[in-house]
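The sequence and structure come before the details.

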Amino acid sequence: MNRLPDFHVHRPQGLPQALSALTAEGAQLLAGGTDLLPNLRRGLGRPSVLVDLGALSGQGELDGLTAGADGGLRIGALTTLQTLAGDAALRAGWPVLASAAALVAGPTHRASATLGGNLCQDTRCVFYNQSDWWRSGNGFCLKYQGDRCHVVVKSDRCYATYHGDVAPALMVLDAELEVRGPDGPRRLTVAALFQEDGAQRLTLAPGEMLAAVHLPPPGRWRAQYLKARIREAMDFPLAGVAAALWRDGERIGGLRLAITGSNSAPLRVPTDDFAGAAWDGAAAARLVEAVRKTSNVLATTVAPVRYRRRMLLALARRVVDDLWTAA
Ligand SMILES: Cc1cc2nc3c(=O)[nH]c(=O)nc-3n(C[C@H](O)[C@H](O)[C@H](O)COP(=O)(O)OP(=O)(O)OC[C@H]3O[C@@H](n4cnc5c(N)ncnc54)[C@H](O)[C@@H]3O)c2cc1C
């Protein structure tokens, strides 16, 4: 591990001050720090200013869960994953989000890790999440300080993988994100936060930050998230699949599926044409094929590509099987 680089720390006392601090050249947000600080210790990034949101936790605009008049829920971006995992209203109405949060890292991480930090976490790669010394021996890489991708040689973009657990759960819930920035608030879908480029993973403009997540009422949908990881107690997903199913008798009323751990962004798998079909062997084979076409598992982790791909496809089938049987 390197020593931390030199930076200034701002500790704003309110959201307007945080947004103002974020306009400084080279400024970066610090929430729970469980993703950012280990990366900085490895020499991955050189922010000139860290805007530490610690003093804003406990403030209603950014922290905590608020029920909406329409039966939906607003969750502040600074809400910890530990809070999400244990919240009774969330577990009752949107259990997929509570369980995805509970599956992130280990308990000590979840006590500090926030919803916003989880969504905006960096992408990962075996050629990137290494010490400065290790990376320099390889001539660095396209994601940071180098000009070559070691995973897809001759590529002009970075293929580092997104391994967040919470984003796919939010995608199948049709959640919306509330963004604050210099041009005022705006809302976007979860998919619109991300782009398929490991080095430029987010679409947020300079000075923008996530303020909250809005969940619509669950209605007839039931959802679940499954992940495969090396150590059950604490690891990132090697493959993760969230699904939401509305079962209409012996037919599928609606199906949504999202994947993580496979591409540079969490992705929705096209499933609109499953509405009206029965969930049987043919539908399962079609679903597996749709996941295969959407995903692009590459050699970005120490686990073999073949294993991760097979787990992804198996989890996709299993998660819908489980929801169908339970409905
Ligand atoms: C050993 C280990 C295991 C882990 N396992 C998992 C796992 O299983 N699943 C998983 O999903 N993650 C895992 N992580 C990654 C990380 O701990 C979590 O993703 C955590 O939720 C990050 O939240 P944070 O508040 O600590 O983010 P931070 O580290 O504070 O920030 C992460 C990034 O998000 C940005 N950011 C933070 N808040 C906002 C905001 N409101 N708006 C815009 N940008 C923002 C920061 O600038 C930074 O770039 C693991 C990390 C470690 C070290």
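## Terms and model

A polar contact is a pair of N or O atoms within 3.5 Å; within protein, one must be able to donate a hydrogen and the other to accept it, and residues adjacent in sequence count only if both atoms are side-chain atoms. This is a predicted model: local features need pLDDT of at least 70, side-chain atom pairs count only at pLDDT 80 or more, and totals for chains, interfaces and linings use all residues. Residues are numbered from 1 along each chain as its sequence is written, and side-chain values use heavy atoms, with hydrogens and water left out.

## Ligand contacts

A polar side-chain atom of Thr 114 lies 2.7 Å from an oxygen atom of the ligand. Backbone atoms contribute too. A polar backbone atom of Leu 29 is 2.6 Å from a ligand oxygen. For Asp 35, a backbone N or O atom lies 2.9 Å from an oxygen atom of the ligand. On its own, the ligand has 980 Å² of accessible area, and the protein covers 92% of that (Shrake-Rupley method, 1.4 Å probe; for residues, only the protein chains shown count as cover).

## The shell around the ligand

There are 33 residues around the ligand, where near means that a heavy atom of the residue lies within 4 Å. Leu 29, Gly 33, Thr 34, Thr 114 and Asp 165 come nearest. By class, the shell has 16 nonpolar, 12 polar and 5 charged residues. Nonpolar covers Ala, Val, Leu, Ile, Met, Phe, Trp, Tyr, Cys and Pro; charged covers Asp, Glu, Lys and Arg; the others, Gly among them, are polar.

β2 (27-30), α7 (115-119) and β8 each supply at least two shell residues. Helices (H or I, at least four residues) and strands (E, at least two) are DSSP runs, numbered from the N terminus.

## Domains

The assignment, automatic or from a database, gives domain 1 (1-56), domain 2 (60-215) and domain 3 (228-326). The C-alpha centres of domain 1 and domain 3 lie 35 Å apart.

## The five-strand sheet

This open sheet runs β4-β5-β8-β6-β7, with antiparallel pairing (two strands pair if DSSP finds at least two bridges between them). β4 (65-67) and β7 (186-189) are the edges; each has a single partner strand, so one side of each lacks a neighbour in the sheet. β5 (residues 73-76) and β8 (residues 209-215) are joined by 4 bridges. Arg 74 has His 214 in β8 as its bridge partner.

## The four-strand sheet

A sheet of 4 strands is also open and antiparallel, in the order β9-β10-β11-β12. Its edges are β9 (222-228) and β12 (267-269), each with a single partner strand, so one side of each has no neighbour in the sheet. β11 (residues 251-260) pairs with β12 over 3 bridges. Leu 257 stands opposite Val 269 in β12.
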